[in-house]
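Please look at the sequence and the model first, and then read the notes below.

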Amino acid sequence: MRLSRSPSLRSGEYLEGMLSNYMGGVTNNNNYKPRPAQKATSSARLVTILTCLQFAFAIYATSLLYFMSPSIDLRTRLAQQWKQFTITPHLITHYQEEYSEKNIPGPINSSLVCEQEKIDFEQKKSNDAVMIKLKTDLYREILDFQSKTFGTETLPELMAMESKWDSRVAATTPKVTVILNHFKRKTLCAQIETLLHQTLPFHHIWVLSFGSPNERNLKSIVESYNDSRISFISSTYDFKYYGRFQVALQTEADLVYILDDDMIPGTKMLQTLAHVAGTEKYENSVLGSIGRILPFRQKDFTFPSYRKFRSKEAGLYLPDPAYGITIDRVVRVDFLSSSWFLSAELVKTLFIETPFTFMTGEDLHLSYQLQKYRDAGSFVLPVDPTDKETWGDSEHRLAYVSETTVIFKDIVQVRDDQWWRALSNGYITQWAAMYPQKIDALFYAHSVEEITALAPLIEKIRTTPGKKAYVVVSGGKFCPCEDAVRALKWPKAVCRERRFKIFDLGIGLLSEMSKSEVPILQAVYASMKGLIKIHNPSIVVAVSDIDGHVKKALRMASETNSNASALVLLPRASVPKALWMADLRPTALPNWNKMRLSVSIITQNRASSLTRLLKSLSDAYYLGDEVPIIFNMDSKVDEATLKLVNSFEWPHGPKVLRRRIIQGGLIRAVSESWYPSTDDDFGLLLEDDIEVSPYYYLWVKYVLLAYHYDPQVSLPELSSISLYTPRLVEVVKERPKWNATEFFQRVHPNTPYLHQLPCSWGAVFFPKHWREFYVYMNMRFTEDAKQNPVQIPKSRTNGWQASWKKFLIDMMYLRGYVSLYPNFPDQASFSTNHMEPGAHISAKDNVVKHDKTDFEVPLLKRDFRDFLPNGKLPPASKLPSLNLFNQALSLKGLKSAGAKLGQDVLPCNNATEIVAVDHETGLPSHCAAF
């Protein structure tokens, strides 16, 4: 029986009718007659056959759709074999029309559309012996430095390192998206061919054509490969060099390999790159085959153009076959060219900051941003010179001619400006890593008003011989470089010079794009972190009322420096008073914030005296430091004093009130008024009839930084700093008058000096020596002064009974300790004693008559630098020293006299030894030779 159907019937209707007739379905045909059983059986067989064929076709269609799906990443022949039997929907595009016009039948074949780049030139080889030597010497210096500091591996050593990406195991095989950017060059087929034969298969290839005149040809080449993993992305608008990185943000792959059209990698390149990128050492890196070392500083302290000829300082292009430089070890570079291999996550970093220009320089901007915000390096990988398949540019002539022909003046200038801006914003180039700088101060100003306030200190440090200071300004609308140099009275050209002096961060531009403080904080921190690491300033200086977010960024940046740069935040009014900072050694300046001075006041019932003291303390300059104030009141404190201390406001730090339950007397009130909590805690002890100079804190800080915190200075005998200059020889019975200015006339009339006598009318005591004093007084205290075992020959202090000072004098005499005293005209001092009635003065049992003029000295009301020798503190070795009786004696002589007395708490050799103590506890430990 023959089956047929009307041409007018659709296949679905025909099949339905057939099933109705031969499967016994209900019919309305009045002429229906039952068929014989044999015929019915034949029909059933036919239906069964047709059903099986339909099921087979369904399986075939399902399989075909599965293998042809873009989600299936298989390079099998199955899909291609089946594709030739399918009919492609006839959607005419202008690409197909073009090839239809050329009468190219059937599917496009890559051999018909591929074009090859003609390389009809030889690799350039230099015969300039001078240049070859300059280049190779610099390369060896760089490689030697990196080998010692970071480690440089050969290709076999890199491949032997443990990596998280292992193509032999499916779970650890990385997905790599390759991005090819094309414009005019005829290398696309060569690139795709080598990528198709990589030992590590790629995940996707994205061919980009942005504003290319060859867009149709490029599209046809991609279609000719008929590979679902290869996609074509085009735009009539030219997104320039940054467009490919913008597209890379869309990948779901683990890694991205971006290639210029002049790069034809060897077939082992993807596997090598992925393996290295999976190592712990290089996972936070961008890898490539060609790189540049940016210029080094010249002898005139300027930086040349990166294109300067016959200059070692111009940097390097690596590898550089023209000068015989090949890469046999991994080398860190300042930026990569022509190819970039990095994790997809790192690509985002390129767009944190707006590029200097979108016309060029994406290579430098990527490396700069990665280092600045991710601490990521840029590395050129080594190759096997005998195996081109390990090369990232198997035809290096193409990449080399692209690099070396960039000679247009405007492009070179733009790129010079770009790398200089990066270096000025904290980019740590290879030069900066190899030659870390050391400067005294790095100033930061966020506004023109701030730079104006800091100007006196900037000028003072910069004009001090042997000192270096640079300035950083926020830039943009906040503080552009041009306005800053005008405030500093510097020439405008400074802003354009490639010389370290002033750095414009351009941060003001960020605020115009966002009202959030996050971009500004991030940019200040990242830039200042780099600048601090490059220049290693002893201090970073800004005004104390700077924006809070900027202050936080500066503090974070300073703390990250391993060389411990101190952040100094100065009140604007204090800047002209702190010019002595320029005279401190760079070794002392980093300790600026270490010292903590606590002002301890002993008071009871002299409210008017206390009022005067508090006013003088409030009027002093504190440089923005925190200074706690402590009130120590005896049990008999009066109401007026209580009200005064309760109402007193102290803006410079915490205020602490202490009141005794049982009357202690002056010896306990003073000695128990302060005890150090750390080795950086210093105590200023003041009775309430003392008054201080506005400059007292400046003097204390200056002295501590110069003589105590400078590691190049050794003055362990210094136990306190006196604010007061005595007019009498206090420990001699006759109490003769004494004038330090006249005494030191031959040395210098106003030199500060060391004296074995401690001061009780305004002095700062050192923590280690105060602990030692506590232990000593506890071991030697007696109610009857005559029972005290220490009797200093010819000293009036032997008879003092209720004086804490007597015990301190004894200890200092026995162990050779001294106090530093000021010495200014008319004995002007940083504190004065008003000699008002109290526990000693006018006491009933005190038979000594006191002339107020012998004790009350004028307070210093002007900058003390005007009086010092050469306008600064003399070296510690030049300080004259006096014994207890105001007689000149060396520090060794002082120790000798104490040892000779032989009355300390431990028996020692009276000729060569004195007692040494444990400075943590103050307990005597052993005898030490001096």
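Predicted model: local features only at pLDDT ≥ 70, side-chain atom pairs only at ≥ 80, totals over all residues.

Residues are numbered from 1 along each chain as its sequence is written, and side-chain values use heavy atoms, with hydrogens and water left out. Helices (H or I, at least four residues) and strands (E, at least two) are DSSP runs, numbered from the N terminus.

**Helices H8 and H9**

- Helix H8 (residues 188–196) and helix H9 (residues 215–225) have axes that come within 10 Å and cross at roughly 25°; axes are lines fitted to C-alpha atoms, for helices over the stretch in contact, and angles run from 0 to 180 degrees between N-to-C directions.
- H8 and H9 are therefore roughly parallel to each other, a term for angles under 35 degrees, whereas those over 145 count as roughly antiparallel, 65 to 115 as roughly perpendicular and the rest as oblique.
- On the H8 side the contact (heavy atoms within 4.5 Å) is made by Leu-188, Cys-189, Ile-192, Glu-193 and Leu-196, and on the H9 side by Leu-218, Ile-221, Val-222 and Tyr-225.
- The residues of this contact of H8 with H9 divide into eight nonpolar, no polar and one charged, where Ala, Val, Leu, Ile, Met, Phe, Trp, Tyr, Cys and Pro count as nonpolar, Asp, Glu, Lys and Arg as charged, and the others, Gly among them, as polar.

**Strands E2 and E3**

- Strand E2 (residues 204–210) and strand E3 (residues 230–235) are paired in the parallel sense over six bridges, and two strands pair if DSSP finds at least two bridges between them.
- Within this pair, Leu-208 stands opposite Ile-233 in E3.
- From E2 the chain crosses through H9 to E3 in a right-handed β-α-β crossover, meaning that, with the strands pointing away from the viewer, the path from the first strand over the helix to the second runs clockwise.

**The sheet of three strands**

- An open sheet of three strands, paired antiparallel, has the order E7-E6-E9, and its edge strands, E7 (316–318) and E9 (335–337), each pair on one side only.
- The twist in this sheet averages 25° from one strand to the next.
- Strand E6 (residues 290–293) runs antiparallel to E9 and is joined to E9 by three bridges, with Arg-292 opposite Phe-335 in E9.
- Helix H6 (residues 129–149) lies across E6 and E7 and runs at about 75° to E7.

**The sheet of five strands**

- A second open sheet, of five strands with parallel pairing, has the order E14-E13-E12-E15-E16.
- Strand E14 (502–504) and strand E16 (566–570) stand at the edges with a single partner strand each, so one side of each is left without a neighbour in the sheet.
- Strand E12 (residues 439–445) and strand E15 (residues 537–543) run parallel and are joined by four bridges, and Ile-439 stands opposite Pro-537 in E15.
- Helix H17 (residues 448–463) lies across E12, E13 (469–473), E15 and E16, at about 170° to E12, while helix H18 (residues 481–488) lies across E13 and E14, at about 150° to E14.

**The hairpin of E28 and E29**

- Strand E28 (residues 913–917) pairs with strand E29 (residues 924–929) in the antiparallel sense over five bridges, and Val-915 stands opposite Cys-927 in E29.
- This hairpin has six residues between the strands, and Gly-922 takes a positive phi near 85°.
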